[in-house]
Every structure is written in structure tokens, then in C-alpha cells.
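Hello,

Here is the structure you asked about. Please have a look at it first, then read my notes below.

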Number of protein chains: 2
Amino acid sequence: MRPHEALAAFLEGELAEVNRLIRVRMSSEHAPRIPEVTAHLVEAGGKRLRPMLTLAAARLCGYGGGYHIHLAATVEFIHTATLLHDDVVDESTQRRGRPTANLLWDNKSSVLVGDYLFARSFQLMTETGNMRVLGILSDASATIAEGEVLQLTAAQDLATGEETYLKVVRGKTAALFAAACEVGGVIAGAEEAQVRALRDYGDALGIAFQIADDLLDYRGGAATGKNIGDDFRERKLTLPLIKAVARADGEERAFWERVIEKGCQQEGDLDHALALLTRHGALEATRRDALDWAARARAALAPLPEHPLRDMLGDIADYVVARFA
Amino acid sequence: MRPHEALAAFLEGELAEVNRLIRVRMSSEHAPRIPEVTAHLVEAGGKRLRPMLTLAAARLCGYGGGYHIHLAATVEFIHTATLLHDDVVDESTQRRGRPTANLLWDNKSSVLVGDYLFARSFQLMTETGNMRVLGILSDASATIAEGEVLQLTAAQDLATGEETYLKVVRGKTAALFAAACEVGGVIAGAEEAQVRALRDYGDALGIAFQIADDLLDYRGGAATGKNIGDDFRERKLTLPLIKAVARADGEERAFWERVIEKGCQQEGDLDHALALLTRHGALEATRRDALDWAARARAALAPLPEHPLRDMLGDIADYVVARFA
């Protein structure tokens with residue numbers, strides 16, 4: 001059993017409650033189109049990784065109440081809303097191996113249904129009555145949006161370095177992972193050192209996850225539902241490219257300027273890009289960075305109590321980067 | 001002095017605090033593009049009608065604290081975020097007489113910066129520490145998104161009647177007016193009958209406002225920044241059209257099917273539509289509806305204490321429909 005499956009098995013009962021709550025809350029009395037749009041995303045066999053982090057964190061800290069279900073559903077709604085708005089943003093044509101919402105429907109539906117899910121997530125977390133949790137999740141929402149905007153301005157700019165990349169990744173991906181873990185600890189009333197450990201774990205895990213994702217885009221992988229080179233075609237300056245650009249000679253630099261900055265791509269460019277990535281060891285260096293962040297995630301768990309869930313969270317850190325191993 | 005100017009003069013000091021808070025909170029350390037996109041909307045001389053409602057409601061109920069400033073800024077951020085996402089939705093080319101954000105920038109920026117403002121609004125209201133206020137505003141956010149989605153599905157369908165129109169308007173416009181008023185009363189700790197009165201006032205005011213807006217689209221008006229017939233060209237089935245369609249004979253119905261349902265419009269169609277609206281008294285009937293809702297808004301104020309602000313809110317109700325008088 002793979003690590004996320006082991007975690008899902010351990011949390012089976014609570015995960016079923018989360019799924020039930022998600023289905024109830026994504027319905028709309030007045031606008032029946034809403035579940036039509038969300039269903040294919042919410043039901044599409046997403047791994048529920050983020051909500052599982054919340055459930056695991058709460059349980060690991062000895063939580064005995066029921067609000068971790070609300071928070072797990074909140075986190076999944078925020079994630080799904082972000083995917084819907086990303087579809088508008090990226091003009092991507094495939095998501096989890098299925099057509100994206102904006103091709104099935106249109107940009108308008110993606111924007112508005114995403115907004116609906118954001119509002120629903122906000123209702124769900126308000127029901128917990130826990131002000132600190134609300135602060136954490138509203139801060140995370142702002143950080144996510146900032147990361148996405150920063151990505152827009154930085155994406156096609158060859159001057160973008162690893163520091164900016166990390167800032168984008170912390171925003172668009174790690175902020176929600178970190179908040180998902182942290183609110184689990186907070187709702188359980190865990191001591192500050194443990195809450196901090198959960199947050200650090202989620203932050204490092206999210207960064208490892210995103211770096212692995214950006215690597216997969218050039219290496220491919222089983223069942224990723226992604227085509228090799230999507231990011232290249234969308235002219236996204238992700239970590240492998242940033243590393244290759246940093247080591248480029250004059251001729252290579254001219255190539256990157258043409259295909260990324262000017263967006264003038266032709267037959268064979270992806271193959272040439274892959275050759276340059278290999279020549280400079282950029283894929284291998286990116287892989288080492290991902291492994292390093294996964295190790296940091298595992299190490300962050302030390303202050304938490306010994307528990308099967310702590311081991312499983314450690315395994316999840318290895319798993320998110322092992323997808324391409 | 002026109003009623004909204006009188007209200008602004010009365011609330012001058014607090015409105016300045018709201019504007020200061022808005023400027024501080026729309027900035028972004030990591031993504032400087034954000035205030036570039038929002039500035040032209042937030043600073044574009046919007047009337048600040050919604051935040052003034054919050055300030056007035058709180059003061060009218062004797063509030064002595066400072067959180068009505070946060071709530072007023074919250075309401076304006078939600079409104080601005082909605083405008084940004086509407087720009088994506090409507091492919092509109094003019095908003096408050098200026099180019100829309102999505103022409104100045106692009107759809108991606110509109111979506112993501114709107115998300116950022118939603119998240120910021122959520123942070124602001126969380127700072128009040130008032131759970132009931134959070135519930136009201138999160139419910140309003142969900143209702144707004146539902147109303148917008150319902151409008152998408154109903155807009156080009158000639159079977160849409162006045163009941164569905166009212167549901168859309170309650171969602172996309174009146175929900176925020178009602179919440180803006182209600183949270184002012186709640187933060188002031190007003191008694192339930194007064195909170196209810198504020199909510200009813202905001203609901204009726206929002207409906208009157210939107211009906212007047214939809215009428216203006218066919219009648220034009222000074223300084224509206226709208227072109228006559230925008231809704232017609234976008235094939236939006238608003239109240240004037242709904243009334244005309246209800247009274248259409250066979251030939252007229254065929255016309256509406258062609259221009260609205262099929263979207264096949266040609267030179268002279270807008271003039272013909274205006275002639276049909278006049279023939280059936282649809283504009284006059286729409287105007288009477290708007291006046292009726294304005295009267296309901298004024299009447300809803302009765303349970304509130306006698307106060308210059310109560311009179312001003314009553315005048316605002318007349319004003320939103322008098323824009324076309």
C-alpha cells in the first residue's frame with residue numbers, strides 16, 4: 001500500500017464524513033449548475049491529500065471533537081476553488097486526466113463556481129467558532145492569491161531566480177499545505193511547539209510537492225495525467241528551467257529568450273530544451289532539491305508525539321517526491 | 001447636495017479612515033501588481049455607497065467602537081472583487097466610465113486579484129472577532145456567487161420570469177447591501193428588531209438599485225458611464241425585457257428569440273427593441289417596480305431610532321431610483 005493509501009485507510013471513517021460534508025455543501029438550491037461544475041473536480045479521484053493532513057494533524061494532537069471534519073472540507077474547497085481559477089488562468093486543457101471545467105463549461109462558470117466554493121469554505125470554517133483557525137485560513141487564502149499573481153509577473157521573465165520561484169511556490173502551494181496541518185493542531189488545542197512543527201512540516205511538504213510536480217512536467221511519470229512539456233509550452237519558468245538558464249552560455253540564452261520570453265516556439269524546441277536540461281544536470285539538481293525539502297518535512301515532525309500517524313506523515317513526505325523515482 | 005453626498009459629508013471622518021484602511025490592505029509586499037490592478041477600481045471615484053451603509057447603520061445604533069471601519073472596508077473589498085470577476089464574466093468594456101481591468105491587464109489578473117481582495121476582506125472581518133458578523137458576511141458571499149451563476153444559466157432564456165429575475169438580483173446585488181447594513185447593527189449590539197430592520201432596508205434598497213440600473217441601461221442617464229443597450233448587446237434578460245417578452249405577440253416573440261436566445265443581432269435591432277419596450281409600457285412598469293422597492297426600503301427603517309442618519313438612509317432609497325428621474 002502506498003503511503004497516501006495507508007493514510008486514507010487509517011482515516012477511512014473521518015474521510016467518509018469529509019466526503020459527505022463536501023457533497024452536501026457544494027450543492028446549491030438556487031443554482032443547480034454549481035454541483036455540475038464541481039462534481040467532476042471534487043469527485044474526480046483527487047487524493048484528498050490536503051484534507052487528510054488536517055485530519056491527521058488533529059488526531060495526532062489528540063483531538064476528540066468533530067470540527068476537524070469541517071476544516072478538512074474547508075481545505076479541499078479552497079483547493080478546488082484554486083484549481084477552477086487556475087483553469088481560467090492557465091488555459092490548461094487537462095487536469096487530473098479529465099477535461100478542465102472551462103472547456104466543459106466556460107471561463108465564466110469556472111470563475112463564479114470557484115467564488116462559490118471560496119464562500120462555502122469560509123462558511124464551513126466560521127462554523128467551528130475558532131477565531132485563530134479563521135485567521136490562519138484567511139492569511140493562507142491571501143498568500144495563495146499573492147503567489148499566483150507573483151507567478152504571473154515572474155513566469156516569463158528569464159531574470160526570475162530560485163528565490164522568487166520559492167516565494168511563488170510557498171504562496172501557490174505550500175501556504176495551503178501549511179495551513180491544513182496547522183489548523184488541525186490548533187483545533188486540537190495542541191501546544192505551540194507542536195502547532196509550529198505541523199506548520200513547518202506542511203510548508204516543507206508543499207514545497208517538495210510543487211518542486212516534484214514541476215520536475216514531473218519534464219520527466220513524465222505514471223498516472224500523472226500530465227503531458228511532458230506543458231509548462232514549457234505555457235512558457236512557465238519553473239525550477240528545472242531556472243537552473244538551466246543560470247548555467248546557459250550565450251547561444252543557449254538566446255534559445256531560452258526566444259522560446260520563453262518571446263514565446264516563439266517551433267517543432268523540436270522541447271527536445272532541445274530537454275537536452276539542455278540534461279546537459280546542465282538541471283533535472284538531477286531539481287530532484288535533489290525536492291528530496292531535501294522532503295527530508296526537512298520529515299525532520300519537522302520531531303516535536304510531535306510518537307504515533308502511527310506521525311510515521312505516516314513522514315512517509316507522505318517521501319512519497320510526494322518519490323512519484324518520479 | 002445630493003443624498004449620497006450628504007451622507008458622505010456626515011460620515012466624512014470615518015470614510016477617510018475606511019479609505020486609509022483600504023489603501024493599506026490592498027497593498028502586497030510580494031506582488032506589487034495587485035494595487036496597480038485594484039487602484040483604478042478602488043480609487044475611481046466609486047460612491048462608496050456600501051461602506052457608507054455599514055458606517056451609518058453602526059452609528060445609528062449607537063456604536064462607539066472602531067470595528068465598523070473594518071467592516072466597511074470588508075464590504076468595499078467584496079464589492080470590488082465582484083466587479084473584477086464580473087469583468088471576466090461579462091466581457092464588458094467599460095466600468096465606471098474607465099477601461100475595465102481585464103483590458104488594461106488581462107483575465108488572469110482580474111481573477112487572481114479579485115481572489116486576493118476576497119481573502120483580504122476575510123482577514124479584515126476576522127479581525128473584528130465577531131462570529132455573527134463572520135456568519136452574515138460568509139453567507140452573503142455564497143449568495144452573491146449563487147446569484148451570479150443563476151444569472152449565467154437564466155440570462156439568455158426567454159422562459160426566465162420576474163421571480164427568477166428577483167432571485168438573481170437578490171443574490172448578485174441585494175445580498176451585499178443587506179449584509180452591509182446588518183453587520184453595522186450587529187457590531188453595535190443593536191436589538192434584534194433593529195438588526196432585522198437594517199437587513200430589510202438593505203435588501204429592498206439593493207433590489208431598487210439593481211432594477212434602476214437595469215432600467216438605466218435602456219434609458220441612459222447622466223454620468224452613468226454606461227452605453228444605452230449594453231445589456232441588450234450582451235443578451236441579458238433584465239426586467240424591462242422580461243416585461244416586454246411577457247406581453248409579446250407571435251412576431252415580437254420571434255424577434256426576441258432571434259436577438260436574445262440566438263444572439264443574432266443586426267443594425268436597427270436595438271431601436272426596434274426600444275420601440276417594443278415603449279409600446280408595452282415595459283420601461284414605465286419597471287420604473288414603478290423600482291419606486292415600489294425604494295418605498296419599501298424607506299418603510300423598513302421605521303423601527304430604528306430617530307436620527308439624522310435615519311433620514312439620510314431614507315433619502316438614499318429615493319436617490320438610487322431617482323437617478324433616472
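A residue is called buried here if 20 or more other C-beta atoms lie within 10 Å of its own. Bear in mind that this is a predicted model.

**V320(A) and its surroundings**

Start with V320(A), which sits in helix α16 of chain A. V320(A) has 25 C-beta neighbours inside 10 Å, so it counts as buried. What does V320(A) touch, leaving aside residues up to four places away in sequence? The contacts are L205(A), A208(A), F209(A), A212(A) and A294(A). Take F209(A): it is 111 residues from V320(A) in sequence, yet their C-alpha atoms are 5.4 Å apart in space.

**α4 against α16 in chain A**

Two packed helices are described by the angle between their axes and the distance between the axes. For α4(A) and α16(A), residues 308-322, the axes come within 9 Å. They cross at roughly 145°. The crossing is left-handed. α4(A) brings A56(A), R59(A) and L60(A) to the contact. α16(A) brings L309(A), R310(A), M312(A) and L313(A). By class, that contact has 5 nonpolar residues, 2 charged and no polar.

Helix α15 of chain B covers residues 282-300, 19 residues in total. At 1.5 Å a residue it should span 27 Å, and its end C-alpha atoms are 27 Å apart, so the two agree. Which residues of α15(B) are buried? Among them are A282(B), T286(B), D289(B) and W293(B). The list also includes R298(B) and A300(B). The buried residues of α15(B) pack against α10 (192-219), α12, α14 (269-279) and α16 (308-322) of chain B.

Helix α13 of chain B, residues 250-261, has 12 residues. From first C-alpha to last it reaches 15 Å, close to the 16 Å expected at 1.5 Å a residue. G263(B) follows α13(B) and has a positive phi, near 70°.

Two arginines are worth a look on the backbone. R48(A) is not a glycine, but its phi is positive, near 55°. R48(A) lies in the loop between α3 (33-42) and α4 (49-60) of chain A. Is R48(A) buried or exposed? It is buried, because 22 other C-beta atoms lie within 10 Å.

R235(B) also has a positive phi, about 60°, without being a glycine. You will find R235(B) in the loop between α11 (230-233) and α12 (239-246) of chain B. R235(B) has 15 other C-beta atoms within 10 Å, so it is partly exposed.

**How the two chains meet**

Two copies of a chain are related by a rotation about an axis and a shift along it. Here, a rotation of 180° with 0.0 Å of shift along its axis puts chain B on chain A, with an RMSD of 0.0 Å. That is the relation of a two-fold axis. The C-alpha of chain B nearest the axis belongs to V111(B), at 3.5 Å. Both copies use the same surface: 100% of the contact residues of chain B recur in chain A.

How many residues make the contact between the chains? 38 residues of chain B are in contact with 38 residues of chain A. On chain B, α3 (33-42), α5 (67-90), α7 (107-126) and α8 (131-154) each supply at least two residues of the side that touches chain A. That side of chain B divides into 18 nonpolar, 12 polar and 8 charged residues.

Best wishes

Notes
Residues numbered from 1 in each chain as written. Chains lettered and ligands numbered in written order. Predicted model: local features only at pLDDT ≥ 70, side-chain atom pairs only at ≥ 80, totals over all residues. Contact = placed C-beta atoms within 7 Å. Helix = DSSP H or I, 4+ residues; strand = E, 2+ residues; numbered from the N terminus. Nonpolar A, V, L, I, M, F, W, Y, C, P; charged D, E, K, R; others polar. Buried ≥ 20, exposed ≤ 12 C-beta atoms within 10 Å, placed from the backbone. Least-squares fit on C-alpha atoms with pLDDT ≥ 70 in both. Expected span 1.5 Å × (residues − 1). Axes fitted to C-alpha atoms, helices over the stretch in contact; angles between N-to-C directions. Left-handed = near helix turned anticlockwise from the far one by under 90°.
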